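Dear colleague,

Here is the structure I said I would pass on. Please look through it before reading my notes below.

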Amino acid sequence: MTVGKVYLVGAGPGDPGLLTLKGRACLEKAEVVVYDRLVDARLLRYVPPDAELIYAGKAPGRHTLGQEAINALLVARARAGKVVVRLKGGDPFVFGRGGEEAEVLAAYGIPFEVVPGVTAAVAVPAYAGIPVTHRRFNDSLVIITGHEEPERQTRLSWDGLAPGAATLVFLMGRQNLAAICARLVARGWDAATPVAVIERGTTPEQRTVVGTLADIARRAAAAGVGHPAVIVVGKVVGLRPGLAWREEAPLFGRRIVVTRAAGQACGLAEALEASGAAVVEFPTIALVPPRDPRPLEAAVDRAGSYDWLIFTSANGVAMFCARLWARGWDGRALARARIAAIGAATARALRTWGLRADVVPQQYQAEGLLAALAGEELAGKRVLWPRAAVVRPVLATGLRARGAVVDEVVAYETVMPQTDGSSLRSL
Ligand code: SAH
């Protein structure tokens, strides 16, 4: 049997947008994914539905799978010929024990690749408005574990650092914050050196507490800062006022439920997230084809006979045009019809099918559409309106009042989606 391959992939620090393109390509071809606790569940969307997903845990002090078990799992799945993605928070080789996993794979002769990730050590300060290096303040950056194995306590590398020279970034140091600060001061660091503790950086729950070596432990405790957190020590922390772009975003700290149908929420969710909001997608409607498809099919069959096509939603466009194509036709079948769209999104949907809206009102409502058609001669004209099952009657009534012969056909229906409520559980 051929041996598979293991990809040690960095998932980035939290914000799912910080996954690399190469990391995403690995997830898309994965047959097995072994992922850590700090990995955002949304990244698992890229994984094929039939892939095996294995949660490896690793909350502090509560390992779901021990490191030995993880190593054994990677070897076993690869030997079974699988494409295995070992998805790790941040960068796999920065305090992620990725080095140990690679050693094991090498020892067993299993092919592997490393896909570096955006490390929390740099990205989390960046999202808090702290550049880890800056020409005015430092000439080096030291990334340090704040959670040393007991037998190494005496060899801590930072003891040898010239006080104040480097920016220090501690990972896994939240629990030892007070001890870290005391130790730096004991080694000659100025107690007034600025320190930031950033909890859950790059996520919508990001929180930053700023102080000095003298008081940050007290401040972080008072604010209840928990795990995971990055500690940044150095003058660069002082640059944060004015650079805290993320926390100053207009919707930062807001949690917003998007109720649009699945598959249609992305654009809105992305725009909200770009403004800093935490978005929970909870579709309260789903679109389905009409229960009785015959009226739509009949209307498509005689599509060429209409003077006007009226669309009041992107969904109506999609359902109608998909049916037109399924029939073996394209936009040429509509050559003599003029087209009205209720708004910009509907007009955009038409464009994807190579169709241009002749009329788009200023006001994206039935009343606006009627007003936009005011200058048209509609008496005796044949109008097709592929629409949702439930609509206000105002548009059809208005068109008929002007002498138009209106065919209203149901192009889609909206129903309650099937849900297990899992997307609301995080609220
Ligand atoms: N390989 C990872 C680090 C693993 S060690 C990387 O390159 O980022 C885990 C530590 O990383 C945590 O204890 C915490 O100090 C830090 N960390 C990871 N994600 C974080 C986040 N979103 N916010 C703050 N700290 C984070």
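This is a predicted model: local features need pLDDT of at least 70, side-chain atom pairs count only at pLDDT 80 or more; totals for chains, interfaces and linings use all residues.

Residues are numbered from 1 along each chain as its sequence is written, and side-chain values use heavy atoms, with hydrogens and water left out.

Ligand site. There are 19 residues around the ligand, and Asp91, Val94, Thr119, Gly201 and Ala229 come nearest (a residue is near if one of its heavy atoms lies within 4 Å). By class, the shell holds 12 nonpolar, five polar and two charged residues (Ala, Val, Leu, Ile, Met, Phe, Trp, Tyr, Cys and Pro count as nonpolar, Asp, Glu, Lys and Arg as charged, the others, Gly among them, as polar).

- Val94: a backbone N or O atom lies 2.7 Å from a nitrogen atom of the ligand.
- Thr119: an N or O atom of the side chain is 2.7 Å from an oxygen atom of the ligand.
- Gly201: a polar backbone atom is 2.8 Å from a nitrogen atom of the ligand.

On its own the ligand has 540 Å² of accessible area, and the protein covers 94% of that (Shrake-Rupley method, 1.4 Å probe). Helix H4 (120–127) and strand E10 (229–233) are the elements that give two or more residues to the shell (helices, H or I, of at least four residues and strands, E, of at least two are DSSP runs numbered from the N terminus).

Backbone. The peptide bond from His227 to Pro228 is cis, with omega near -10°. Pro228 sits in the loop between helix H6 (216–223) and E10. Arg200 has a positive phi, near 50°, although it is not a glycine; this residue is in the loop between strands E8 (194–199) and E9 (207–212).

Helix pairs. The axes of H2 (residues 67–79) and H3 (residues 98–107) come within 10 Å and cross at roughly 45° (axes are lines fitted to C-alpha atoms over the stretch in contact, with angles from 0 to 180 degrees between N-to-C directions).

Regards

Definitions and conventions. A polar contact is a pair of N or O atoms within 3.5 Å; within protein, one must be able to donate a hydrogen and the other to accept it, and residues adjacent in sequence count only if both atoms are side-chain atoms.
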